[in-house]
Amino acid sequence: MPLQRIIIFLGLIFYWHSAKSQVWCGATDFSESDKKLYAEILKKSLTIKNGRKGATYELYIKPNVIHSSLSPISITTEQVLELINKLNLVFSEINIRFLVENNVVQHIYDNEFYDLKTESDANLRSKYDSDNAINLYFTHTITRPDLSLLNGYSSLPNFSKRSNAVILSYRDNDPVSFSLLKEKIVPHEFGHYFGLLHTYQDSNNYDIKKRELVTRGIGANCTTTGDELCDTPADPFERNPALISLDCAEKIPSDILDFNGENYSPPINNYMSYHHKCGQQFTPMQFQRMESGLNIRLSSFAEYKITKNISNFLSITDLNKKIYCKGDSITATFQKTGSFESKNEFKVEISDKNGSNFREISGFKILSDKQIKIPIDQSWENGSNYRLIITSTLPYTESPISDSFEIKSLPSAEISSSQNAIQKGEELQLNLKFGGSGPWSFKDWEGFTYEKINSETINFGFLADSSKLFFISEISNICGQIDQIPSLYVEVLQPNLQILGSETYCNESLIDLPIIGLRQNEDPDYYSVQVKNSNQIFNILPKINSNSLQFYLPQEIQNNKHYSLKVIGKKATDFSNAFQFMAKNHPTPPTVVSPVNICFGTQDYLLQASGMNLKWYENESSKEFTYSTLVNGKAANKQIFYVSQSDSNNCESKKSKIEIIIDEPVEAEISGTSSIKLGDSINLNISLKGSAPWVLTLDPLGEIKVNSAETKVSVSPLFSTEYKLSKVSNYCGVGTSKGSAVVNVISILGNTASDNDALKVFPNPVYDQKVNFEILGDEISEVILFSNEGKRLKSYKLIEKSKGEIILPDLSFGKYNLKFISKKKSYTFTVIK
């Protein structure tokens with residue numbers, strides 16, 4: 001018997017409470033040759049009626065439960081029947097019903113196979129297999145040579161009786177394990193039995209181009225990679241097995257992408273995936289694939305029988321192509337087995353592009369008793385899941401649905417633009433639109449070849465300098481090349497205005513744009529200035545002069561970005577060349593010190609500011625400037641100047657204001673002649689001109705620093721004193737001073753006779769700077785030392801004492817006055833040094 005190779009799917013158990021972390025199926029080594037073998041077997045298969053007519057396929061199962069005399073753990077007859085009922089519910093979609101052979105669940109006590117080792121599979125099968133039903137085995141555990149535990153295994157459809165088994169492990173048969181077995185594992189393994197692959201098949205293939213792509217549009221490879229079905233999304237499980245732990249609402253990590261850079265959204269609710277938290281189902285194409293797989297299981301070539309009473313057979317064994325183009329014909333090879341009458345006729349039905357809604361077609365031709373030729377109608381839609389059914393009339397026999405095939409059509413193309421005429425410098429937008437089947441290849445007007453383009457539309461944008469005919473040629477796809485050469489002529493208008501522009505313009509500055517060729521005597525809104533880049537476009541209404549346009553850039557203009565500037569008139573032929581410029585911000589105003597005081601009479605004082613390329617103005621709105629400014633202090637007044645700076649792009653800043661104050665000549669005048677009692681004080685008045693601060697020399701007090709133009713100096717002489725200003729100065733130098741003030745002191749040094757008797761001061765004259773005092777009936781709290789001219793030299797704070805000693809400073813020879821102060825009164829005494 002040819003084609004006896006067995007393609008086995010091993011299922012690894014996943015028990016969350018298990019000590020070992022395992023997955024469901026270990027068929028990661030399912031090769032290209034394995035897939036090819038399955039496809040070849042499928043071509044040779046025969047079967048009975050198609051379930052779409054309402055017929056039910058009754059398939060027999062022989063359940064064998066392996067027990068151990070050493071362990072009570074096993075699966076019950078009721079549980080086995082519950083699992084078979086689950087299969088009947090799932091496979092009712094394609095009219096398959098499973099029956100238990102002889103209505104008996106076999107319970108076998110065999111310690112050798114209770115914990116099955118996969119290397120003992122042949123011994124188990126040879127001992128207990130049946131050739132008249134699907135052999136379904138239940139063992140306690142299944143262990144591979146590497147000691148990993150399997151949940152179960154089965155094989156793809158094959159003629160060999162070695163493929164006719166599904167072997168499952170029931171483990172401890174607790175509620176969690178049994179629920180997993182029923183809701184996921186059993187339908188999963190029977191999916192393999194009837195020809196389904198894992199949804200993640202080859203998702204980690206070393207050849208990345210053989211991995212299934214996410215897209216289901218143009219360029220999809222879902223018919224040849226993955227599980228080879230297009231209604232199951234691409235599944236990247238093999239690349240990252242941890243994905244099994246994701247919850248239903250969680251998304252695949254964004255760094256797991258397909259060859260095109262697209263994100264996955266795998267079929268987490270499919271029996272053939274490894275996910276089990278989010279419900280389970282088979283898709284329509286999976287059911288169709290299992291119907292095709294059933295052809296092998298029911299074939300007369302099979303070494304086993306899983307149904308009863310089969311007589312006449314009709315099946316489609318081969319299609320001459322996988323992909324057809326409109327205009328082609330399908331050559332279908334079929335086989336019939338049994339007795340067919342001489343007046344028998346054949347009919348052909350074809351599905352829609354989704355593999356459903358079969359309809360009878362005409363126009364086909366019987367080539368022989370094994371081949372039929374079916375021309376493809378131009379009205380049939382492009383699609384990838386067409387299927388055929390052939391029926392006979394005498395006797396009535398219906399083939400199973402054929403394997404899927406794809407219908408494509410020759411390409412078509414058109415080139416268009418919303419712009420039949422554009423101005424030079426404007427961007428031309430060309431649109432290419434393709435019809436028929438993609439991907440498409442073509443050659444453009446420049447001779448550049450584009451290959452296998454998946455997009456139905458392509459947009460070109462470029463600057464056109466001259467009128468041109470745009471066209472595409474050699475338009476082709478998988479169905480061939482067409483002679484059509486779509487074209488479009490675009491006229492490019494040449495400018496009649498010439499801009500003499502700059503590479504840089506400054507925001508918020510008036511731009512005076514020189515232009516050659518401006519029309520005169522036009523309406524104020526005849527011209528507009530267009531400023532744009534890839535993200536922004538502005539149309540500015542300028543002021544029209546004889547040879548220029550004046551305008552400001554909009555505030556939305558972005559700094560340090562390139563823009564295109566163009567002048568456009570109301571007539572299509574009235575426009576300028578476009579040129580590129582960059583918008584710049586103004587620099588900050590220069591740093592200045594203000595106000596600035598300069599001295600009366602100063603000559604050629606140079607104004608200063610911190611900045612680059614300074615320009616000096618006499619008023620804020622003035623356009624006339626100098627690069628430096630000298631100030632002369634001929635008169636005392638206040639002057640205002642303005643200064644700006646410009647950067648390397650000639651962008652000028654706003655103006656900084658400087659206030660110049662030319663000071664009056666320095667003058668000082670003293671007044672305040674008056675009389676006071678000894679011990680009192682009085683203010684002398686000093687009026688000043690010029691700028692503060694001033695330094696005064698006030699005789700006999702000495703040097704004083706003042707900040708106020710009207711200054712008061714408090715004096716408290718011991719005797720009558722005349723105060724004179726001998727000198728006044730400020731930062732401008734020495735000025736003039738005038739006036740005097742005489743303070744007459746009444747009894748400045750006089751004491752009553754009783755005072756002289758009460759207070760004694762000794763020694764007098766003073767020789768070693770020590771002075772002693774004694775007083776009767778009073779206590780002294782302070783002693784003040786004055787010069788003979790009345791200038792205060794030093795004071796002494798005392799704890800109230802009736803006698804004591806004070807130490808005089810180092811004094812020159814002469815007379816000095818001591819003023820003794822108590823709570824009651826003051827006493828003045830003259831001592832000699």
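Tutor: Let's start with serine 476, which sits in strand β28, residues 473-477. Helices (H or I, at least four residues) and strands (E, at least two) are DSSP runs, numbered from the N terminus. Keep in mind that this is a predicted model, where local features need pLDDT of at least 70, side-chain atom pairs count only at pLDDT 80 or more, and totals for chains, interfaces and linings use all residues. Residues are numbered from 1 along each chain as its sequence is written, and side-chain values use heavy atoms, with hydrogens and water left out.

Student: Is serine 476 buried or exposed?

Tutor: Serine 476 counts as buried, because its relative accessibility is 17%. Buried means under 20% relative accessible area, exposed means over 50%, and partly exposed is in between (1.4 Å probe, protein chains only).

Student: What is serine 476 in contact with?

Tutor: Leaving aside neighbours within four places in sequence, serine 476 contacts Pro411, Pro439, Trp440, Ser441 and Gln481. Contact means heavy atoms within 4.5 Å.

Student: And how many Å apart in space are serine 476 and glutamate 800?

Tutor: They are 123 Å apart, C-alpha to C-alpha. In sequence, 324 residues separate them.

Student: OK, zoom out. What does the C-alpha trace of the protein chain span along its principal axes?

Tutor: About 170 × 95 × 35 Å. The secondary structure of the chain comes to seven helices and 62 strands. The radius of gyration is 56 Å, well over the 28 Å that the globule rule gives for 833 residues, so the chain is more spread out than a compact globule. That radius is taken over C-alpha atoms, and the globule rule is 2.2 Å times the number of residues to the power 0.38.

Student: How many of the residues count as buried?

Tutor: Of the 833 residues, 48% do. As for contacts between residues at least 6 apart in sequence, 66% join residues at least 24 apart.

Student: New topic. Which residues have the most contacts inside the largest nonpolar core?

Tutor: Phe91, Phe98 and Phe190. That core has 57 residues. Its largest share, seven residues, comes from helix α5, residues 175-193. A nonpolar core is a set of buried Ala, Val, Leu, Ile, Met, Phe, Trp, Tyr and Cys residues joined through side-chain atoms within 4.5 Å.

Student: Now disulfides. What's the count?

Tutor: Five, by the rule that a disulfide is a pair of cysteine sulfur atoms within 2.5 Å. With bonded cysteines counted along the chain, the pattern is 1-2, 3-4, 5-6, 7-9, 8-10.

Student: Show me one. How far apart are the sulfur atoms of cysteine 248 and cysteine 278?

Tutor: They are 2.0 Å apart. The link is left-handed, with -105 degrees about the S-S bond. Both cysteines lie in the loop between α5 and α6 (284-297), 30 residues apart. Cysteine 248 counts as partly exposed at 41% relative accessibility, and cysteine 278 counts as partly exposed at 22%.

Student: What about cysteine 506 and cysteine 651, buried or exposed?

Tutor: Both are buried. Their disulfide has an S to S distance of 1.9 Å. Cysteine 506 is in strand β32, residues 504-506, and cysteine 651 is in the loop between β44 (638-644) and β45 (656-662), 145 residues apart.

Student: And why is the disulfide of cysteine 599 and cysteine 732 left-handed?

Tutor: Because the torsion about its S-S bond is about -95 degrees. Cysteine 599 counts as buried at 13% relative accessibility, while cysteine 732 counts as partly exposed at 31%.

Student: Last one. In which sense do strands β61 and β62 pair?

Tutor: Antiparallel, over seven bridges, with β61 at residues 815-822 and β62 at residues 826-832. Two strands pair if DSSP finds at least two bridges between them. The two strands form a hairpin with three residues between them. Lysine 819 has threonine 828 in β62 as its bridge partner.
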